[in-house]
Amino acid sequence: MKSAVYPGSFDPTTNGHLDIIKRASKIVDKLYVAVLDNPSKTPLFTVEERVSQLKEILKDHDNVKVMSFSGLLVDFVRSVGSNIIVRGLRGVTDFSYEFQMALSNRSLDSNIETLFISADTQYLFFSSSQVKEIAFFNGNIDNMVPDIVKTELQKKMQVLKAQQETGGK
Ligand code: PNS
């Protein structure tokens, strides 16, 4: 059985991520979507929130399993019995970072290959960071994220704004 791991921060999941998940899940028997739990970063959504959003969004995708991971990605890939990492590419600006990461992972485990999948053109122009910024300023993110993420982002942004107005008190 051929499996692969699609890792990321998913803070939050965008339609670009979903496009990669759908494409990758068609070429392997099992796709693990691996959500990074990194205590040294302060994401907008907790790892539990990010995992639960993805589980809800992907509930009809039988060969996709959502998990969280911490530590080295190659260790997680081995732990699920896979040897393939999938990453999405939006263009040349992603390439140098992704290429460096692929080579770092290969230096850690030469049996693990990174496969790049290009996102569809409609998803090339935005990232999770931009989605958060647009949502903060009440911009239209309808075509950028799944509905459940949109609702949760709007709630988070209201809390953030309220905290800013009270000076975090
Ligand atoms: O969505 P992102 O933030 O671009 O995903 C980055 C991710 C999670 C794939 C990367 O940060 C990662 O693999 N982190 C785990 C730590 C690790 O294995 N580092 C060595 C490879 S650079």
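**Entry 1: Arg-87**

I began with the side chain of Arg-87, which makes a polar contact with the side chain of Glu-98 at 2.8 Å. I take a polar contact to be a pair of N or O atoms within 3.5 Å; within protein, one must be able to donate a hydrogen and the other to accept it, and residues adjacent in sequence count only if both atoms are side-chain atoms.

I note that this is a predicted model, where local features need pLDDT of at least 70, side-chain atom pairs count only at pLDDT 80 or more, and totals for chains, interfaces and linings use all residues. Residues are numbered from 1 along each chain as its sequence is written, and side-chain values use heavy atoms, with hydrogens and water left out.

I also found the backbone oxygen of Pro-7 at 2.9 Å from a polar atom of the Arg-87 side chain. I placed Arg-87 in strand β4, residues 84-89. Strands (E, at least two residues) and helices (H or I, at least four) are DSSP runs, numbered from the N terminus.

Is Arg-87 buried or exposed? Arg-87 has a relative accessible area of 15%, so I wrote it down as buried. Buried means under 20% relative accessible area, exposed over 50%, and partly exposed in between (1.4 Å probe, protein chains only).

**Entry 2: the ligand**

I listed the residues around the ligand, including Pro-7, Ser-9, Leu-73, Arg-87 and Tyr-97. A residue is near a molecule or strand if one of its heavy atoms lies within 4 Å of it.

**Entry 3: Thr-114**

I found Thr-114 in strand β5, residues 113-118. Thr-114 counts as buried because its relative accessibility is 17%. Leaving aside neighbours within four places in sequence, Thr-114 is in contact (heavy atoms within 4.5 Å) with Ile-85, Arg-87 and Ala-102. I also checked Gln-164, which is 50 residues from Thr-114 in sequence and 41 Å away in space, C-alpha to C-alpha.

**Entry 4: α2 and α6**

How do helix α2 and helix α6 pack? I read an angle of about 155° between α2 (residues 47-57) and α6 (residues 147-165), with axes 10 Å apart. The two helices are therefore roughly antiparallel to each other. From α2, Glu-49, Gln-53, Glu-56 and Ile-57 meet Ile-148, Val-149, Glu-152 and Lys-156 of α6.

Methods. Axes are lines fitted to C-alpha atoms, for helices over the stretch in contact, and angles run from 0 to 180 degrees between N-to-C directions. Angles under 35 degrees count as roughly parallel, over 145 as roughly antiparallel, 65 to 115 as roughly perpendicular and the rest as oblique.
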